[in-house]
Amino acid sequence: MIPTPTSAVRAHPRPAPPDSVRPRLSSPRIGVVFGGGALKGLAHVGALRALAEAGVQPALYAGSSIGAMIAAAAASGMSPEVLTERAMRFRRRDLFRINHLGMLMERMLSRSIYLESPLRTLCDELVADGTFDDFKTPLLVTALDIDRAAPLVFGRPGLRNVRVRDAVYASCALPGFFPPGIVGGHTCIDGGTTDNLPVAIAALDVDALIAVDVGIADVPMETGIASQGFASIFMRAATMMMHEQQQHALERWTSPPMLLIRPKVSHIGWFSFAHVDELLQRGYEATRDALRDLDVLLRAPGGIFPRRQVQLSVDHEACIGCGLCVARAPNMMALDVDRKAYVLTREHSWSPADGAFVRCCPVDAIHVDPMAEASPPTASSAATPSGSTVAVRSVAADISW
């Protein structure tokens, strides 16, 4: 799950003028994208429940890693109720069994810490057999070809005549943890390696997107990582790298309009089995609440939703003048004559993808406060690109999206 800088971002058309609002489409093609996040991906099951209750019928599913597994299960016709029941029975032995023989006999040449068979069995249980052409609902599954060092999206033209189960296994094959998968002659590993939230490729064939990000929406402060072993250190580093890569794409997003849902699951460990109930509920509630903006989304020419009014400020005394905020957000921040940071514009209409530069302040001198809104945000007020990234260590983290 270590990203590379070569990940492609779709060249979107220039956004429509801010005062343009398109009429709501009578039968919009909505794509649903589920991101990677190890066991935190169980929140996607809750998201599916909320989508079903709202009557959203996806025209396409896409996903990376566990997001690919849940997307493939949904595209297979598995109901949220059945997936919920299976999630409640999920135990560590269903996925993690130490590869004792491989590690003993092959040592550093062993392909993985854990055995392949449990993950394969889970894929077979949740995903219908057949190729991508056999699925009625289009499905996209990301993976990385480690021989060619190139990303793949199974389900796109030329990459459809492969077993979906094989593609899903490969997309979930976290490097070092599970052996790579062979898909159509390609040796593949975790799709989150290069694209943990594959919105750009999913956007090619739909009118709007609903994307659920459970893995790297924010990276909270945590102490003692260095003493928790190589797996914790690796996952922490991978989380930060994926976060930066994903935000780079979201900063440049213009169209189609996207509903970005980020359940508050950052406090839950990647491999924790003790929070299944909470994950299901948080995925459901976050999606249910975000869908209140669906009508605004479907009338917008582009942009990321939902949007909320916030006020940006800097603690002048606390600022150390490092300039990181200016380097990350030159359109929002600047340095004064004393080399202290200040905001260029105090009030902003932000989406869940905005504000990542805030968390880059090493002394937490930048503050983001929610503002009372006179009326709900409109499509015309949000038809421009998001502009930045996601807010975390600030009051903005408490904004109800």
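Reader: Let's start with the helix pair α1 and α9: at roughly what angle do the axes cross?
Author: Keep in mind that this is a predicted model. The axes of α1 and α9 come within 6 Å of each other, and the crossing angle is roughly 40 degrees.

Reader: Which residues of α9 meet α1?
Author: On the α1 side, the residues in contact are Ala43, Val45, Gly46, Ala47, Arg49, Ala50, Leu51 and Glu53. Their partners in α9 are Leu279, Leu280, Gln281, Gly283, Tyr284, Thr287 and Arg288.

Reader: Which elements do the buried residues of α3 pack against?
Author: Helix α3 covers residues 80-88, and its buried residues are Pro80, Leu83, Arg86 and Ala87. Seen down the helix axis, they fall within an arc of 125 degrees, so they line one face of α3. What these buried residues pack against is α1, α2, α5 and α9.

Reader: Which element gives the most residues to the largest nonpolar core?
Author: That core has 70 residues, and those with the most contacts inside it are Leu139, Phe154, Val168 and Ile210. With 9 residues, the element that gives the most is α2.

Reader: How many residues does the second, separate core have?
Author: Back in the largest core, Phe154 is among the residues with the most contacts. Outside four places in sequence, Phe154 touches, among others, Phe132, Leu139, Leu140, Val162 and Cys188. The second core is separate and includes Ala62, Leu260, Ile304 and Ala353, and its residue count is 19.

Reader: Zooming out, what share of the chain's contacts with a separation of 6 or more links residues 24 or more positions apart?
Author: The chain has 12 helices and 14 strands. Of its 401 residues, 54% count as buried. For those contacts, the share from residues 24 or more positions apart is 79%.

Reader: How far apart are the C-alpha atoms of Ala128 and Arg165?
Author: Ala128 sits in the loop between α5 and β3 and is partly exposed, at 29% relative accessible area. Setting aside neighbours within four places in sequence, Ala128 contacts Ser76, Phe135 and Arg165. Ala128 and Arg165 are 37 residues apart along the chain, yet their C-alpha atoms are separated by 7.5 Å.

Reader: On to the backbone: what is omega for the peptide bond from Phe305 to Pro306?
Author: Most peptide bonds are trans. Ser255 and Pro256 are joined by a cis one, with omega about -5 degrees, and Pro256 is in the loop between α8 and β8. Pro306 lies in the loop between β9 and β10. The bond from Phe305 to Pro306 is also cis, with omega near -10 degrees.

Reader: Ala38 has a positive phi; is the residue buried or exposed?
Author: Most residues other than glycine have a negative phi. Ala38, in the loop between β1 and α1, has phi near 55 degrees. The cut-off for buried is under 20% relative accessible area, so at 16% Ala38 counts as buried.

Reader: What is the relative accessible area of Asp364?
Author: Asp364 is not a glycine either, and its phi is positive, about 55 degrees. Its place is the loop between α12 and β14. Asp364 is partly exposed, with a relative accessible area of 34%.

Terms used: Residues numbered from 1 in each chain as written. Predicted model: local features only at pLDDT ≥ 70, side-chain atom pairs only at ≥ 80, totals over all residues. Heavy atoms only, no water. Buried < 20%, exposed > 50% of the residue type's maximum accessible area, 1.4 Å probe, protein only. Helix = DSSP H or I, 4+ residues; strand = E, 2+ residues; numbered from the N terminus. Arc of directions from axis to C-beta. Contact = heavy atoms within 4.5 Å. Core = buried A, V, L, I, M, F, W, Y, C linked by side-chain atoms within 4.5 Å. Axes fitted to C-alpha atoms, helices over the stretch in contact; angles between N-to-C directions.
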